[in-house]
Amino acid sequence: MESTLQLPARVEALSLSGLSAIPPEYVRPADERADLGDAFDLARDHTAPRIPVVDISPFLPLADDDKQQQRINSECVEAVRAAAADWGVMHIAGHGIPADLMDRLRAAGAAFFALPIHAKEAYANDPAAGRLQGYGSRLATNASGQREWEDYLFHLLHPDALADHALWPAHPPDYVAATREFGRRIREVASALLAILSAGLLGPGRGDALEKELTRAGDDDLRLQLKINYYPRCPQPELAVGVEAHTDVSALSFILHNGVPGLQVRHAGRWVTARDEPGTIIVHVGDALEILSNGRYTSVLHRGLVNREAVRVSWVVFCEPPPETVLLRPLPDLVTTDEPARFTPRTFKQHLDRKLFKKHQRQLLPPPPHDEQHQQEDTDGGGHHRHQINQSCIIY
């Protein structure tokens, strides 16, 4: 099904045009539409499971003789471990990032997207030319070949010395200061959460294992990539998605949003709509962490829905290892005769390229029947079987 009309480059322009039906380029395949719907309607289902909410504030440096605090600390580790293993996603409370800083970040991103489209185009990216950072839209570069109902702003956040600040909006005036400070604080939270997750795998004395592996024992630093997703109102949300089902390539992904529902995660064979948990930050386990944990932690399959009523905006920080200097492989202590390595070693860049190759290969094949799509598996070079449901794997 193809449109004969020249579509606007930005989804926002389509939404503001007053159209009553979305162009066919945005209509999802029939098998995928079976469980789509308006995000507000699906969020009203209070019988659905609840994504775990974990308070990480007890995870602080402790004195050896503080038995009560050690017990609380152990409970925190187990709660995070269980959420990462069973769900691959959690809401974290007690993260220490001030509410006013999160409000500043939201206000700055919202003000950028409130600019006229022509003003935002000054920051436009050009994926065809290899310029992935900047202002853009999701075109037909995904697993299904269909477009997604989303515009975005994407740029490197940390390390600051590597960031191209020409791509950081000059308006609103607080964008740079608020974004830079938020990145600094998220970097601290990433270290704390990696320490908790390490302790969950290897015990309380090994809280530095994951971060050492992701940074070459501190010789390099984690990369934080910021993507602000802008999902305009959609007249037919039962036919479209903001972002199709995928797993993140990152180690961890941190998500804030403007309170409008839309995130769904796959759990126990069903799609679960994330609830609004005020003051928390949503955290996804990504592929890199699943590899390091030898599959003990789950890279969560998730997607973004749209709605008729309100614009949804989300702020996602992808916490990634350096692209070529870190070898992703299961931690040696997790590989035994009974539990062999389930992943072959690869750099982050190699993993990204491998997922992109598989995604493009799937585009050349006819889609499986709906009842098989949720069961179809793909084996990577290490013999590890993963569910594949249109796993688009790159955020651009």
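Predicted model: local features only at pLDDT ≥ 70, side-chain atom pairs only at ≥ 80, totals over all residues.

Me: Why is Cys76 called buried?
Reply: Its relative accessibility is 3%. Buried means under 20%. So Cys76 counts as buried.

Me: And what makes Cys234 buried or exposed?
Reply: Cys234 has 1% relative accessibility. The limit for buried is under 20%. Cys234 therefore counts as buried.

Me: How many disulfides are there, and by what rule?
Reply: The count comes to zero disulfides. A disulfide would need a pair of cysteine sulfur atoms within 2.5 Å.

Me: How do you know that the span of helix 5 agrees with its number of residues?
Reply: Helix 5 covers residues 99–113, which is 15 residues. The expected span is 1.5 Å times one less than the number of residues. That gives 21 Å for helix 5, and its end C-alpha atoms are 21 Å apart, so the two agree.

Me: Which residues of helix 5 are buried, and what puts them on the same side?
Reply: Leu101, Met102, Leu105, Ala108, Gly109, Phe112 and Phe113 are buried in helix 5. They cover an arc of only 135° around the axis, so they lie on the same side of helix 5. Ala99 and Asp100 are exposed on the other side of helix 5.

Me: What makes Glu277 and Arg50 a salt bridge?
Reply: Their closest N and O atoms are 2.8 Å apart. The cut-off is within 4 Å, between a side-chain nitrogen of Lys or Arg and a carboxyl oxygen of Asp or Glu. So Glu277 and Arg50 form a salt bridge.

Me: Why say that this pair, Glu277 and Arg50, ties together parts of the chain?
Reply: Glu277 lies in the loop between strand 9 (270–273) and strand 10 (281–285), and Arg50 in the loop between helix 3 (39–43) and strand 1 (53–55). The parts are 227 residues apart in sequence, so the pair ties them together.

Me: What makes Arg104 and Asp174 a salt bridge, and where do they lie?
Reply: The closest N and O atoms of Arg104 and Asp174 are 2.8 Å apart, and the cut-off is within 4 Å. Arg104 lies in helix 5 and Asp174 in the loop between strand 4 (151–158) and helix 7 (175–202), so the pair ties together parts 70 residues apart in sequence. Arg104 is partly exposed at 32%. Asp174 is partly exposed at 28%.

Me: Which parts of the chain does the pair of Glu150 and Lys227 link?
Reply: The side chains of Glu150 and Lys227 meet in a salt bridge, 2.8 Å from N to O. Glu150 is in the loop between strand 3 (134–137) and strand 4, and Lys227 is in strand 5 (residues 223–231), 77 residues apart. Both Glu150 and Lys227 are buried.

Me: How many salt bridges are there, and which residues are linked in a network?
Reply: The count comes to 28 salt bridges. Glu181, Arg184, Arg185 and Glu188 are linked in a network of them.

Me: How many aromatic pairs are there, and why is the pair of Phe113 and Tyr230 called stacked?
Reply: The whole structure holds seven aromatic pairs. The rings of Phe113 and Tyr230 have centres 4.8 Å apart and planes at 10°, so the pair is stacked. The cut-offs are within 6.5 Å for the centres and under 30 degrees for the planes. Phe113 is in helix 5 and Tyr230 in strand 5, 117 residues apart. Phe113 is buried at 2%. Tyr230 is buried at 11%.

Me: What makes the pair of Trp168 and Tyr175 edge-to-face?
Reply: The planes of Trp168 and Tyr175 are 85° apart, with 6.5 Å centre to centre. Planes over 60 degrees apart count as edge-to-face. Both Trp168 and Tyr175 are buried.

Me: Why is Ala85 called partly exposed?
Reply: Ala85, in helix 4 (residues 67–86), has 25% relative accessibility, so Ala85 counts as partly exposed.

Conventions. Residues numbered from 1 in each chain as written. Heavy atoms only, no water. Buried < 20%, exposed > 50% of the residue type's maximum accessible area, 1.4 Å probe, protein only. Helix = DSSP H or I, 4+ residues; strand = E, 2+ residues; numbered from the N terminus. Arc of directions from axis to C-beta. Phe/Tyr/Trp six-rings, centres within 6.5 Å; stacked < 30°, edge-to-face > 60°.
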